[in-house]
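Dear colleague,

Please find the structure below, handed over for your use. My notes on its contents follow directly after it.

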Amino acid sequence: MGGETRPLMASTKYPIHAAGPVGKQITNIYKDRLHQFTNGGQYESKSLKSKLYEGKGLSPEFVKLHVYSPPDLSRPTFKEATSHEFKPTKVGEAFGPSWATHWFRIHLTVPKELCDKEHLEFHWDANNEGLIWTEDGEPVHGLTGGGERTEWILPKAWKDGKEHVFYVEMACNGMFGNAEGDTIQPPPKDRYYTLHKAEIVAVNLDARALSIDFWIIGDAAREFPGDSWESHDALQVCNAIMDAFIAGEGSKESIKEGRKIAQKYLGAHVDSAKVYDNDNPALVSGIGHCHIDTCWLWPWAETKRKVARSWANQCDLMDRYPEFRFCCSQAQQYKWLKEYYPSLFDRVKEKVKLGTFQPIGGSWVEHDTNMPSGESLIRQFVYGQRFFEAHFGQRCTTFWLPDTFGYSAQLPQLCRLAGMSRFFTQKLSWNNINKFPHTTFNWVALDGSQVMCHMAPSETYTAEAHFGDVKRSVTQHKSLDQDSTSLLVFGKGDGGGGPTWEHIEKLRRCRGIADTVGLLPRVRLGDSVDDFFAKLEKKVEDGTKFVTWYGELYFELHRGTYTTQANNKRNNRRAEFMLRDIEYLATLASLKSKGYKYPKKEIDFMWEGTLLCHFHDCLPGSSIEMCYDDSDELYAEIFATGEQVIKKALKELGFDDDVPKNSLVALNTLPWARTEVLQLPVKSSAPKYALAQGDSGILDVTPLTAATESTASIKEVSKGVYELSNARFRVHVADGVITSLYDIPAKREVIAPGGKANQLVIFDDKPLYWQAWDVEVYHLESRQELPASKTRIAEHGPHRVSVVTETRISDESWAKTTISLSAAVDAEQSAVEIEAEVEWRESMKFLKVEFPVDVLNTEASYETQFGIVRRPTHYNTSWDMAKFEVCCHKWADLSEAGYGVSILNDSKYGFATCGNLMRLSLLRAPKAPDAHADMGRHHIRYSILPHAGPLDHRTIRAGYSLNNPLRLHRHADPARIKSVLSGFRIEGAPALVLDTVKRGDDDADVSRGELPAREGRSVVCRVFDSLGGRSKGVLRWGDVEVKRVEKTNVLEDKGEEVGILKEGGGVEIELRPFEVATFRLIL
C-alpha cells in the first residue's frame, strides 16, 4: 500500500568471520607507555631520545680549552679579560668559588665526519650561567646551565674543518644564585662548579621536531577530558608514532613517518609561522617575557650580566622565529645594557624599531608599590618613561608589575598621569587565604581614575608554554562574562633567560591542535601586549562593561616585607625626604641667582639610585646579604652627594654655619607654619632648648630659660611610677609602659582601661616557607610581653621631660626606650615622643610595640601614597582577617566621631589594628635568604598623637614634621631671604599639600639633553588632596615672576593653561578627593 522498498544489502567488504579476538585498550597503560619514547631510563637506547644527535665532536682535538681566572671575584670586561694569559684546562675541572668569574678561550674545529651535517651546535654545561663572545668581542649567546639553554648554533661557515676561536664567560652562580638545595637559603661562599660538557653536536632536526610533536600530543592525551574523543585520538596518534618508530627500528625514515602521523593531529603547518596564517579567532595571546629580578638571590653586578645573556638570546630567537614577540621592562636594565654592552644595546634598538622587542612598564625598575612615597612612585614613571622615549622614541602605555607584593590604591591615578592606561600583573594568584575574583577588570584609584587591568589566568609570568598553560588561560579565566581573551606570558624568569626555541615550537603545535582538532583554546603569536590591551579598550568603546575593583590590590602573602631589613627601609625614608629638600632648596637657589647651576646631574644620580633600591626584592627585604651590602654602599653615596648639594644650595641662599656671629635660625622646608621646641647644639652652661616658631622658610629661634611660660614637668608619684605633664597631657609611666595618657583640654583618657601603651611584645615568627617575606596569622598566638628591667628619669624639664626604660629581650638582645614630653606651646599640637634603641640578635622572632587606646571604630586609617586607606579592625570575614598585618607610611590612625589617636613613625611600614589595639611592627629576624637580616643596633622614633575631632590635616602635617625635623643654621641677614624661602605655599583648604617644588626637567638651563630642551625656565609644583574631599585653595609663589601656569601631567607635557589671579602671585586650584595635580609655572 505504501509503495515498494528495496532490501538493504550488507557490505561485501565487511568480513563474515572474525579474524580473532581484539581487546579494548587499557587507557592508563597506553598513556603510561608514552614516557618510554622520550624519557631517559632503562629504555633510552631504544627511544627517540637516542636519535636526537647524529654525532659528536668532544675530544680535545676538536674542542681545545684555555682559561683565565680573574682574582678577587672581579668581573672584568671582554677587553680586560682577553688581555691576560690563558692556561690549558679540560672538561672535568672545577671552577669557583661562588660569584667568581672564569673566562674560557675555545679553539673549535668541526670534525670531518660532521661537516656535512645539516645542523651543528656547541653544547656547554657547568651547571652555571655563562655568555658566549665572538673572537672580536661581540656577546652572542647566553647559557643557563644544568641542562637548560646549554646549546649555541654554530655558524654554517665553521663547517670547513678549520680552527675557529670564541670565548665563554663563566659566572659561578646558577640562574637562582648559589644556594645549594633550597634556593632561598643563604648562599655558601665556597661553591664550585664542574665543567662536564664542552662538545660539538650534530642535531637530527626531524627527531628534535618529533619530540616536540609527541610532547604536545601526549599532553593532549593526558590533559583533555578523559571522556572526550580529542583525548582518545591524541593517545592513538602517540601510540601510532611509537609503533612506526619501532617498526622502522628508529631509522630516519621512521622518524619522518612519525612526523607525518603527528600531522593528523597537529596539522601541516607547525614547522613555520604559517600555522598562525588564518583568520580563526584566537583567545590567547602569547608574549615572550624575561623576568629578571634586578637583585634577589644575586647582586646587581650579576644582574647586569643576566640582562646581556638573556636579551642576546631573545634577539637570536627573533631572527629565527618571525612570529616571536618579546617584552621586557625596567629602564635601569636597559641603561646597564647600554653602558656595559653597547653593541647588544644597538641590536635591541633595531628589534624595537621592527616591533619584535617591546620595552614595557614605563618604570625605572619593577618596584615595590607599598612602601615608596607618592613622589617616588611618580619618579619611577618619570625616569622610566623619559629613558624609553629618549632611546626608543616611544613611551609605554602598559604598567607591568607581574611579581610585586601588592599594589597601592593610587597607582591607577599615577599611571594615567604618566601616560599609561593599562596594567598587567598576576601576583595576587599567590594569595593564601582568598582567591582574587577577577581576571580582566577596571582598577579604580582613590580619586576615581581607572586603568584596564589584566591578570594572566595561567597564573604565572614564567609560563613554560605547555599545553596546560594554554588550556588554563581559559579554564582559570574569571572574567568570561565580559571577555574570554587572555595573555600568556611565557619564558624562563626571575633569574632571567626568557623564552627558548622549545617554548615557541610548543605554542606552534598548540595552535595546530586548536585549528585541527579543536577543544584547546587558540593561541596566537605575533601581537604585542599593546595590541592585546587595545582590543580590550575597543570593547569598552563598543559598550562592554568590565567589573570594577576600587582601592588597593592587597596581597594576602609576604606581609613580613613591610618590616624585614629595617636599615634599608630607614635609608629609603631618609633619601626620599632628603631629595624633597634638595629639589626645593636648589629650585630657590636657581631662582635667586642665574649664576647657580641647578644640580640636575646629581639629582638624577640620587633619584636613580633611590629608585633602584625600590626594586621589589630590595626595599621589601627579601634579597641575600650581598644585595644589602650594595644598597648600603649606594645609599652612602646618595647621602654624601645630597649633603654636598644641600650645602651649596644653602650657601647660595646666604646660609653660613661657620660664622658664629650670624643669626641662628631654624630652616623649615615644609609648606606650613611650625612651632617646635628644639635642642640647641651648645654647652650645658647655656640654654639647652629653644623655641622655633614661624611660617614656611626661616623660623625665629628663641632660647628658652627656666622662666619661660611654657613648661613640662616630671615627678615620681609612687615607686617606679612617673608622671610626665605639660599643658595638654598628663602621662603615667609604670614599669616602662604608659598606663595613662590623659588629654587635659578634652578631659579624656586615651589609654583603654587596664591597657599598657608602648608595651614591647615579641612573637615567634616561623612562616610556612618564605622567611624574609612572610608572617603568618598564627604568629599572633605566640605573643609575649617584654617586662622592663629598669626605669629612670633622663630629663627633668622645664622644657622637656623624659623617662628611660631598659628592657632585656634575651641574653643577647635589649631595648632602651625613652618616653619624652615637650612643653606645649600656645594652641599647638603636642605628642608623646618615643625613641627606641634596640640591640637585636634574635632568630625567627618579631618585635612590635602596642598601643591599646580607648577609641572604637570598625575601620582604621593608614597613610598611603597621596592618600588614606581604611582597613577593618575586625575579623568578620576571611577578607578582613587576611589584613592582620598591613602597610602604612608615616602614620596610622584610629578615630571615632569626636576623637582619635594617631601613631607616627620615622622609618616603619608594618602595622596592625585589631579592635582598639594599635600595633607598630619594629623588627624581624628571618634567616633566609639573608642569615643576618636586621642583626645589630637600631634607632627608631615614633610618637603618640591624640587629637580632639576626627582625623584631619594635623596628623598629615605631624607625620611630615616627624620625618623632616627643623634644622638649625646661621644666616647673616635672615630678613632679606625670608620672602624667597616662604614664597611657594598653599592658601585655603588645609587638606591641600604642596608636596614637591622642583625645576622643569627640560628647562634650557636644567636639561641634560636626553629630550629636546625647552626655552626659558619653569618651576613644577605638585599638590595633592590628603584627606579625601574636594579641596579649593590658591597656589602662591611669592615674588617669583610667573608668565603662565599650566596644569600638566607628571611627565611635564604641555598642559591646560590656568588663569593667574589678577593681583598676581598665585592661581586658584580645585582638586578632586585624593587628586594629585602638577602645575608648571613658566617664568
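**The annotated span**

Helices (H or I, at least four residues) and strands (E, at least two) are DSSP runs, numbered from the N terminus. The UniProt record, an unreviewed entry, places "domain: Glycoside hydrolase family 38 central" at residues 556-635; UniProt positions are given in the numbering used here, feature names are shortened, and annotations may be inferred rather than shown by experiment.

This is a predicted model, in which local features need pLDDT of at least 70 and side-chain atom pairs count only at pLDDT 80 or more, while totals for chains, interfaces and linings use all residues. Residues are numbered from 1 along each chain as its sequence is written, and side-chain values use heavy atoms, with hydrogens and water left out.

**Helix H6**

Helix H6 (residues 252-266) has 15 residues and reaches 20 Å from its first C-alpha to its last, close to the 21 Å expected at 1.5 Å a residue (1.5 Å times one less than its number of residues). Its buried residues (under 20% relative accessible area, with exposed over 50% and partly exposed in between; 1.4 Å probe, protein chains only) are Ser254, Ile255, Gly258, Arg259, Ile261, Ala262, Tyr265 and Leu266. Seen down the axis of H6, these fall within an arc of 165°, so they line one face of the helix (the arc is that of the directions from the helix axis to the C-beta atoms). They pack against helices H4 (205-223), H5 (229-247) and H13 (501-516), where contact means heavy atoms within 4.5 Å. On the other side of H6, Glu253, Lys260 and Lys264 are exposed. Just after H6, Gly267 takes a positive phi of about 90°.

**Strand E19 and its partners**

Strand E19 (residues 450-455) is largely enclosed by the rest of the structure, because five of its six residues are buried. Strand E17 (residues 422-425) runs parallel to E19 and is joined to it by four bridges; two strands pair if DSSP finds at least two bridges between them. Phe424 has His454 in E19 as its bridge partner. Strand E18 (residues 440-444) pairs with E19 in the antiparallel sense over five bridges, and Trp443 has Val451 in E19 as its bridge partner. The hairpin of E18 and E19 has five residues between the strands, and there Gly448 takes a positive phi near 100°.

Yours sincerely
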